Amino acid sequence: MVASTDLPKDALPTSGVVLAATPLGNIGDASQRLREMLERAEVIAAEDTRRTRALATALGVNPRGKFVSNFDHNEAARTDSLLRAARSGVVLVVTDAGMPIVSDPGLNLVAAAHDAGVPVACLPGPSAVTTALALSGLNVGHFLFDGFAPRKPGAKDTWLRSLVGQERAICFFESPHRTADTLARAAEILGADRRAAVCRELTKTFEEVKRGTLSELAQWAEEGVRGEVTVVIEGGRAAVEEPADLVGEVLARVEQGERMKDACKAVAKAHGVKTGELYDEVLASRK
């Protein structure tokens, strides 16, 4: 008897919340299960209903369900009604590109569904995070994903300082308009020779992966970067830090309105030093 190598073809869910990854850019990356669920779902909760309708048209799919907008500023208010709909039918959750919840809407509904005992399923597919990691050519066997880099300079510097001794690779999203500044600050704080990759317009016509040191990439980005950007920075070596080295990080948090004691406690915990010693160093720096 010859064993079958066919994978099981399970039926699509008939109720509950279903998360589905959508193409980053290349329409050919849409899965067959996404196509079928777009057609069958009773409700399609989309980050941008116009873009999801356009996706369905491009895929030759005729959705029968109701489209409902579900984005950052209204998803909390939508949760109860979507949860009710998911008890008797499928609520398909999609974003403009990639996997819901990964720096995109969807978390409120999924968390509420789990709490209420409503089934949650996922149709896997494209993700800018894993695509960039694979394309980077860096050591990314262990990595952190940090969403979007902080916008404000102080918060950005604090974030980058927390990564100085991080041995895992770091992956994050960035606005093309802030990419040059972020890379320049990263080169100064993490080290000019630390390797990284800037991946932009993934799976699209003008896809580009630029690899080099942080210093080289910062200089390259000064000419301008376009499109959607995902950055991967290779992990560094674990550093043994002294409280005196962390004073600047504490002061940056204080400048943003945090109480000094709270800032000292948070920074000390993040870097594995004693809070009291760090507090004394901060006081000494102010004399």
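Trainee: What counts as a helix or a strand here?
Mentor: Helices (H or I, at least four residues) and strands (E, at least two) are DSSP runs, numbered from the N terminus. This is a predicted model, in which local features need pLDDT of at least 70 and side-chain atom pairs count only at pLDDT 80 or more, while totals for chains, interfaces and linings use all residues. Residues are numbered from 1 along each chain as its sequence is written, and side-chain values use heavy atoms, leaving out hydrogens and water.

Trainee: OK, where is Ile 101 then?
Mentor: Ile 101 sits in the loop between E4 and H4, and its phi is near 80 degrees, which is a positive value in a residue other than glycine. With a relative accessible area of 31%, Ile 101 is partly exposed (buried means under 20%, exposed over 50%, and partly exposed in between, with a 1.4 Å probe and protein chains only).

Trainee: And in H4 itself, which residues are buried?
Mentor: In helix H4, which covers residues 107–116, the buried ones are Leu 109, Val 110, Ala 112 and Ala 113. Viewed down the axis of H4, the buried residues fall within an arc of 165 degrees, so they line one face of the helix (the arc is taken from the directions from the helix axis to the C-beta atoms). On the other side of H4, Leu 107, His 114 and Asp 115 are exposed.

Trainee: What covers the buried residues of H4?
Mentor: The cover includes strand E1 (16–20), helix H3 (75–88), strand E4 (90–94) and strand E5 (120–123), where contact means heavy atoms within 4.5 Å. Just after H4, Gly 117 takes a positive phi of about 80 degrees.

Trainee: Changing topic, where does Thr 203 lie?
Mentor: Thr 203 is in the loop between strand E8 (195–200) and E9, and its phi, near 70 degrees, is again a positive value in a residue other than glycine. Thr 203 is partly exposed, with a relative accessible area of 22%.

Trainee: Last one, how do the axes of H9 and H11 cross?
Mentor: The axes of helix H9 (residues 247–255) and helix H11 (residues 275–285) come within 10 Å of each other and cross at roughly 75 degrees, the axes being lines fitted to C-alpha atoms over the stretch in contact, with angles from 0 to 180 degrees between N-to-C directions. That makes H9 roughly perpendicular to H11, a label used for 65 to 115 degrees.

Trainee: Which residues meet there?
Mentor: From H9 there are Val 247, Val 250 and Leu 251, and these meet Leu 278, Glu 281, Val 282 and Ser 285 in H11.

Methods:
Angles under 35 degrees count as roughly parallel, over 145 as roughly antiparallel, 65 to 115 as roughly perpendicular and the rest as oblique.
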